[in-house]
Amino acid sequence: MTSQRTRERLLGRLMDQGISSMEVLDVIRSTPRHIFLDEALAHRAYEDVALPIGHNQTISQPYIVARMTEAMVTSGPMDSVLEIGTGCGYQTAIIAQLAKKVYTIERIKPLLDRAKKNLKTLRLRNIEYKHDDGSLGWEQKAPFDAIITTAAPQQIPNELLQQLNPEGGRLVIPVGGDDRQELKLVTRNDDEFSETLLDAVRFVPLLMGQLQH
Ligand code: SAH
């Protein structure tokens, strides 16, 4: 099957699963996912599955990328977005086409380097990168209209909540233990934080502390 046809089939699947934002669907349709994968896995790029990217990490399942992105895009402005867990950069690429500016943090240096290369190939230039532990956010660049983490903490770090724009900043985050987590959308209004449950999900853990070089 040609790549174009498998991509269209993926789009159909996302719509069947309830993704309805045309903005998000259009960006997923036009963004090649295969360039983010090793050659040996590239033929599976348009299946709706998570796949390994090395270093015990995975590229998120397209449905989850779509769901998290849609939750951010449909709930408010996207001028300044922080992503924690760059991985191979696929989710970053999707956000960068919907936001004015994206800040992204990854703790594994070789993954961050590869992501930079991939995103340069796509000519996405509104991205700032940081090799660091992102569990404490990126205070110098705060406040953010939205923060997305693509790795799961046991509990939501307070630092992330504090770096949300007090006027409607949103956090999209999987929370919980190893085997099962809840994907949450948290919206800030001054010092009030309201939570919506989006989905049951499974992410790699958000690790705190030590960096990997
Ligand atoms: N959105 C990525 C998902 C990668 S998996 C993609 O689709 O490719 C989650 C990523 O979070 C991993 O690359 C992992 O190294 C990173 N991560 C885990 N804990 C982190 C932390 N504290 N700070 C920054 N990145 C972290």
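**Figure 1. Accessible surface and overall form of the predicted model.** The protein exposes about 10200 Å², of which carbon and sulfur atoms supply 46%; accessible areas come from the Shrake-Rupley method with a 1.4 Å probe, and for residues only the protein chains shown count as cover. This is a predicted model in which local features need pLDDT of at least 70 and side-chain atom pairs count only at pLDDT 80 or more, while totals for chains, interfaces and linings use all residues. Residues are numbered from 1 along each chain as its sequence is written, and side-chain values use heavy atoms, with hydrogens and water left out. Of the 213 residues, 52% count as buried (buried means under 20% relative accessible area, exposed over 50%, and partly exposed in between, with a 1.4 Å probe and protein chains only). The secondary structure comes to six helices and nine strands, taken as DSSP runs numbered from the N terminus (helices H or I, at least four residues; strands E, at least two).

Figure 2. Glu106 is buried yet has no salt bridge, the nearest side chain of opposite charge being that of Arg107, 5.9 Å away; here Lys and Arg count as positive and Asp and Glu as negative, whereas His and the chain ends are not counted. A salt bridge is a side-chain nitrogen of Lys or Arg within 4 Å of a carboxyl oxygen of Asp or Glu. The side chain of Glu106 does reach the backbone nitrogen of Gly87, at 2.9 Å. Leaving aside neighbours within four places in sequence, the residues in contact with Glu106 include Gly85, Leu111, Lys130 and Asp132 (contact means heavy atoms within 4.5 Å).

**Figure 3. Close-up of the salt bridge between Asp26 and Arg29.** The closest N and O atoms of this pair are 3.1 Å apart, and the two residues, three apart in helix H2 (residues 22–30), are separated by about one helical turn. Asp26 is partly exposed at 39% relative accessibility, as is Arg29 with a relative accessible area of 25%. Together with Glu8, Asp26 and Arg29 are linked in a network of salt bridges.

**Figure 4. Close-up of the salt bridge between Lys109 and Asp113.** Both residues lie in helix H5 (residues 109–121), four residues apart, about one turn of the helix, with their closest N and O atoms 3.2 Å apart. Lys109 is partly exposed at 32% relative accessible area, and Asp113 is partly exposed at 33%.

Conventions
Polar contact = N/O pair within 3.5 Å; in protein donor to acceptor, adjacent residues only side chain to side chain.
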